[in-house]
Amino acid sequence: MQPKAHARVNRETWMHALIAVFVVLGVVASPVFFAGALACHGLLLVRRNPAQGIVTAVLGVVFFLVVLGYGVGKDMALRDNARASVPVTPMGD
């Protein structure tokens with residue numbers, strides 16, 4: 001059986017690895033993954049400094065909502081522009 005200190009270090013190591021994976025995915029795939037890195041970092045900080053951990057986790061959620069809203073708005077604008085670029089012709093011509 002592992003001592004509690006060793007189990008905590010092991011858990012923190014896995015959290016740091018998860019943060020690194022989210023940062024790499026954020027650079028390679030989509031900025032949305034940075035929100036996951038911020039949320040994991042906040043969960044890691046909660047033990048040592050609860051206020052800073054909660055603020056970091058909330059920042060991750062806000063960042064997720066901003067990036068998601070930007071993506072949805074951009075998609076809607078592209079659809080509107082595509083629809084506006086097609087000329088409207090009356091039926092039967």
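Of the contacts in this chain with a separation of 6 or more, 38% are between residues 24 or more positions apart. Keep in mind that we are looking at a predicted model.

What are the parts? The chain has 3 helices and 0 strands, so to speak plainly, the pattern along the sequence reads α-α-α. The chain has 93 residues, and buried residues make up 16% of them.

Helix α2 runs over residues 32–45, which is 14 residues. From its first C-alpha to its last, helix α2 reaches 21 Å, close to the 20 Å expected at 1.5 Å a residue. Its buried residues are Ala 35, Gly 36, Ala 37, Cys 40, Gly 42, Leu 44 and Leu 45. As background, an α-helix has 3.6 residues a turn, so residues three or four places apart point the same way.

Next, the core. Which residues make up the largest nonpolar core? There are 5 residues in all: Met 15, Ile 19, Ala 37, Cys 40 and Leu 44. Helices α1 and α2 each supply at least two residues of this core. The largest share, 3 residues, comes from α2.

Take Met 15 from that list. Not counting residues up to four places away in sequence, Met 15 touches Cys 40, Leu 43 and Leu 44. Leaving aside neighbours within four places in sequence, Glu 12 is in contact with Leu 44 and Arg 48. Is Glu 12 buried or exposed? Its relative accessibility is 19%, and the cut-off for buried is under 20%, so Glu 12 counts as buried.

Last, the aromatic rings. The structure holds 1 aromatic pair, formed by Phe 22 and Phe 33. The two rings are stacked, at 6.4 Å centre to centre with 20 degrees between the planes. This pair links distant parts of the chain: Phe 22 sits in helix α1, residues 4–28, and Phe 33 in helix α2, 11 residues apart.

Conventions. Residues numbered from 1 in each chain as written. Predicted model: local features only at pLDDT ≥ 70, side-chain atom pairs only at ≥ 80, totals over all residues. Heavy atoms only, no water. Helix = DSSP H or I, 4+ residues; strand = E, 2+ residues; numbered from the N terminus. Expected span 1.5 Å × (residues − 1). Buried < 20%, exposed > 50% of the residue type's maximum accessible area, 1.4 Å probe, protein only. Phe/Tyr/Trp six-rings, centres within 6.5 Å; stacked < 30°, edge-to-face > 60°. Contact = heavy atoms within 4.5 Å. Core = buried A, V, L, I, M, F, W, Y, C linked by side-chain atoms within 4.5 Å.
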